[in-house]
Amino acid sequence: MKLGFIGTGNMAGAIMGGIIRKGMIPPEEIIGADIMEEGRERARREHGIQVTADNCEAAEKSEVLILSVKPQFYAQAIAEIRDCIREEQLIITIAPGKTLAWLEEQFGKPVKIIRTMPNTPALVGEGMTAACPNSRVTEEEKKYALELLGAFGKVEIVPEHLIDAVVAVSGSSPAYVFMFIEAMADAAVAEGMPRQQAYQFAAQAVYGSAKMILETGKHPGELKDMVCSPAGTTIEAVRVLEERGFRSAVIEAMKTCAEISKKL
């Protein structure tokens, strides 16, 4: 098997789905382990992969192994598989708070590890993933891992000390964006727009605005100024947001998020 998963939840599904759609690894070369039968069967049904209830089986049969269980179960999962891990095997983790040093200590032997932090837009192929390889990962392995991680969005290598910032700015931020879209839609509904239509208008505005930043390379402030005509409607809305502490609230929320990530 080329690729194995310990855990077959939403994030694992997003990763394997992207890899299969891009034709990088066929489903018959992927194995997923999950203690929950429902999760195993969903992965088998939706992606056509092989499944097992045995974590060690997935570890032994795969060249690249992705640990996609919740952070609180990492120690237990690693304890189950560490004797099955081979020196040449590549391990990819996706848990916040679990440092390379902690992971290496849990395995108790030399292991090639790439610590990553993806986000939920991976479910629609628009994820943003940060990757931090340890010193044992070769350049060739790093390149291959980035290709895999790029199958469901964008990926960049970042130094590990920035991972908590990544958690705040991309890992958790979809929740902030969803709240922003919901609030804009609520306001549109208050003005008489049908709710589904309000969601469509609000979500497309956010999507298009993000695309403008990515494709034009212009500073967000410059793009904001392009919309704010003198004495117009937009600048008045911006004034109210500033008065209510919009930017400060976002910054403080993200700082809190990063601090919690450090303590996990």
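Predicted model: local features only at pLDDT ≥ 70, side-chain atom pairs only at ≥ 80, totals over all residues.
1. Overall make-up. The chain has 264 residues, and 39% of them count as buried. Its secondary structure comes to 12 helices and eight strands. Taken along the principal axes, the C-alpha atoms fill a box of roughly 70 × 40 × 30 Å. Among contacts with a separation of 6 or more, 61% are between residues 24 or more positions apart.

2. The buried side of helix 5. Helix 5 covers residues 100-107, and its buried residues are L100, L103, Q106 and F107. These four lie on the same side of helix 5, because the arc they cover around the axis is only 125 degrees.

3. The surroundings of helix 5. On the face turned away from the buried side, helix 5 carries A101 and E105, which are exposed. After helix 5 comes G108, with a positive phi near 70 degrees.

4. N134. Is N134 buried or exposed? N134 counts as buried because its relative accessibility is 6%, and the cut-off for buried is under 20%. Its side chain reaches the backbone oxygen of V111 at 2.9 Å. Neighbours within four places in sequence set aside, the contacts of N134 are L100, E104, V111, K112 and I113. One of these, L100, is also among the buried residues of helix 5.

5. I157. Strand 8 spans residues 153-157 and includes I157. With a relative accessible area of 40%, I157 is partly exposed. Residues up to four places away in sequence are not counted here: I157 touches A131, P133, K142 and L146. For L146, which is 11 residues from I157 along the chain, the separation of the C-alpha atoms is 8.5 Å.

6. The largest pocket. Its volume is about 2800 Å³. The lining consists of 50 residues, and V177, F180, V206, S209 and A210 lie nearest the centre. Which helix gives the largest share of this lining? Helix 9 does, with 11 residues. The elements that each supply at least two residues are strand 7, helix 7 (163-171), helix 8 (173-190), helix 9 (195-216), helix 10 (220-227), helix 11 (233-243) and helix 12 (246-263). By residue type, the lining of the largest pocket has 35 nonpolar, eight polar and seven charged residues.

7. The second largest pocket. This pocket holds about 890 Å³ of space. Of the 33 residues that line the second largest pocket, G9, S68, V69, K70 and F73 lie nearest its centre. Two or more lining residues come from each of helix 1 (10-21), helix 2 (37-47) and helix 4. The lining of the second largest pocket divides into 16 nonpolar, 12 polar and five charged residues.

Terms used:
Residues numbered from 1 in each chain as written. Heavy atoms only, no water. Buried < 20%, exposed > 50% of the residue type's maximum accessible area, 1.4 Å probe, protein only. Polar contact = N/O pair within 3.5 Å; in protein donor to acceptor, adjacent residues only side chain to side chain. Contact = heavy atoms within 4.5 Å. Arc of directions from axis to C-beta. 1 Å grid on protein atoms, 1.4 Å probe; cavity = no way out; pocket = protein on both sides within 12 Å on 5 of 7 lines; lining within 4 Å. Points joined across faces, edges and corners; volume = space filled by probe spheres on them. Nonpolar A, V, L, I, M, F, W, Y, C, P; charged D, E, K, R; others polar.
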